[in-house]
Amino acid sequence: MPINQDKDGAIKVDDVESRLWLQTKTQSGHNWDQVLGVSQRVINKNFKRLFELYPEMADMYNSNDMGMIDATLLAPQIIIPGGNTSANKSLVYFQLSFESGSMSNSSGKTLIEDLSNWVITCEVKIDSTKAVITSDMSDAAKEKVRRENDWIDKFDVAGDYSAERLYAKLSSINWTQPQSDYTICGLDKNNKPIKYKNWQAEDTTRAMYLNLWLMDWSAKQDAQGRNNIGLSVQVPPVQNVKNPTYEPVFMMNQSYVYKSAKQGAINGATGDSGAALCNAYLYTEMVKLPGLSNERRPDDNTLVWSGNFCTLPKTVEGSDAIDGTFVFGRNVFLEHFLLPELRAINKAFDIYHLKPYGIQQADGRISCYQPYSIGRDENHRDLYDKVFDFNNVNDASDPDKLNGYYYEKTNEQPWVVVTNTGDKAGDLRVSNLDKMRIDVTWEVGGSIFTVKGTASSHEAAEWTHHGAGRHFGDLFCHAYTDYAISFQFQMQFGTRPGPNNNGILDVNLIGGADNVKVTIIPTLNHTQGVEDHHSGPFKTQLDYNLGQVIPTMINNLKQKLSGSGQFVFPGNGVFDFLNPMMSRYGHLLAQVKYKPLTKKQLFVPREPKPLKPVIVNPPITTPVMHSNEHKWQLDWALPVNPVASALKKNKVVLRAENKDPGLACQFKHIVINWTSTTKGTALFSEDSWAVATSDASGTSGNASDTSSDAPGTPATPGTPGTPGDAPGASGNASRTSGGLITLRQSPTGKSAAVLRTPSHGGTKWTMNVDPSDSVEPITLKPGDWIELEFAGIVGPAGAYNFTIRENWAEENTSYYKDTLSINVTSAP
């Protein structure tokens, strides 16, 4: 078992802390230069926002020799496999969710009559590797390789993490057959999702046709330069803000599972909620480094599991989830960026004694001289000499863990003997030993680096007695001096706005360079009369040297950082980079947040959707309203506000009327949303809703003459209604099961619309009002109206909303969605 997954490892700790265990290592032991991981949760939020910015993403239509599809889509989503399904790191699931529509094959056979509530999930392969064209390939094979390599160049762009490019890639990968576990084939009669396996079992031939249709459809869309919903994607060009210091030159995507014992996901999870939302989509990259090939690649591409890139919120309603982490490998950030600048301190702190010597004076005594230089070793003048290199401080218990770096240098001058030429004084011998060490350390989870220098300088001089037979075992006097020298400073890394508002790294010296001072403590062991001559000069020279190189070093770092269009934090302004910190393994981590998406030219405009032939009997001669204004075409109203009651059913009537004096309104369908639950606060306190048959009379539609409390039977969409089936409420009648919805419409609009069975996700309920005719749209002439009567127990007093979306039938138009407020008042 890897060391980082033992009982104290990343799976066992809080998910926020587990980020500190992240590595860039692959399973073969090689490293990526940098890795970005973003959560399934934030990718789907971005896809939802793209769907809002580009209404054309809602329409999926095409007709060719292999069949026809005409559908309205909801926002696309991805599922990143986890748990037992996460072994293949090259796959994610791409989902198309349908609001409505139908699908048929080339022979006209209907494959899916009603796509409402369908979710088609397909596996997509995300790790793209270019193939090599060889001489033994046929022309067709070579052309195939060229097309596939061109596709990779188009979508896999190192340093581009935009939601637009990710959507373009995932929506353009050829489909396979539906992924059975996460494909939903509509709803059953109890509004429960129908799993693909069950739908397939009902009619295996139909399922086979669907599989073939999906693969054929996807291949032909790709051949025509379209993605899987029939749109031609115009991938945004890569815009380098400035020449990057370390430019990403190779990128490969892979998936990565979230694991947490504390969150009940020790092996991960797959789905669209809980721990599965923290599964990550990775961008693993290599960068351009001086003197190294741009073709550098790990021997194995798969990143080891070492910690979590993303986290869950600390509370259910919390907003403190981390949706992305950028890991900048220590081989680049520390060893190619930071440490080369710190070398100047190593050289400036180098105490170097030259060869000592003695001079015999006129009185016969020998004077001792111990010359030195600081920062100028004549044998190692070059700053990039290997003697100034840093070395790793590895953890003995974990060879991958890095506790810091150190530099050490020893300068030694062995004993030099000066023999007295007379007999009035003794001989001299002298030696020096200088040792320097600089440590660079950091706190795991912090952004402060500590640079600490320590040195010892030993000076020794000995004189013998004079006369014959003198030797250094019998000293006349001596001078031994030991200097303990030290300094320390700290620098802190943070983020600040950069070019194009991209987050870039910044560095500051804590306390300023003027406060970095050298401390010298001399220890003297001298014969009386010998003095310390070097403490003062040593300190003066060292203070001067460090005072020169430290501000220069900080300025050099700032200069490097100021040009980081794609340096520490690439992405061309896609992210905010926050809270930089150091990992257990010496990598720089930063939290990432996507900046708000703005509309660009993502899709090439396509030809208008071909209209189906409209057969009208009798023909409609009333002119049709054009959708030029950003508002509903119908006048929507709630005539009466209901009164809260725990027992008594209320009737809430939602009425829409065409009040234009001369123009008709036409709709593909109308979607109504409301809230309903017995376990919380909502407009209604009901856990189920049924559709009653409609009252086609031309009355006001308030059904005041009905009094039965029994709920109606769910109606098959399009079944002719029988008057008088709406539920009523009287006095303190006991509560009945579920709510009931009744549709009424004016006599001239009698066959205009029908209700579909409501569905819900959580407290949010959805119901479609669809055309009663498969060819004609819903048509309401001037003065026509429709009413929806909702009969059920209302929730507590308060303000609520109906959300109403009119999908207009007019060519080249879309829809308008807004809310209608309703107040539930307290019972008197």
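**Notebook: chain overview**

I checked burial across the protein chain: of its 828 residues, 51% count as buried (under 20% relative accessible area; exposed is over 50%, partly exposed in between; 1.4 Å probe, protein chains only). I'm working from a predicted model, where local features need pLDDT of at least 70, side-chain atom pairs count only at pLDDT 80 or more, and totals for chains, interfaces and linings use all residues. Residues are numbered from 1 along each chain as its sequence is written, and side-chain values use heavy atoms, with hydrogens and water left out.

I looked up the secondary structure and got 8 helices and 39 strands (DSSP runs numbered from the N terminus: helices are H or I, at least four residues; strands are E, at least two).

**A hairpin**

Next I followed strand 25 (residues 575-582) into strand 26 (residues 588-594): they pair antiparallel over 6 bridges (pairing needs at least two DSSP bridges). Met581 has Leu589 in strand 26 as its bridge partner. The hairpin has 5 residues between the strands, and Gly586 in the turn has a positive phi of about 80°.

**Ser759**

Buried or exposed, I wondered about Ser759? Ser759 is buried, at 12% relative accessible area. I found Ser759 in strand 34 (residues 759-761). Leaving aside neighbours within four places in sequence, its contacts (heavy atoms within 4.5 Å) include Asn117, Leu187 and Trp765.
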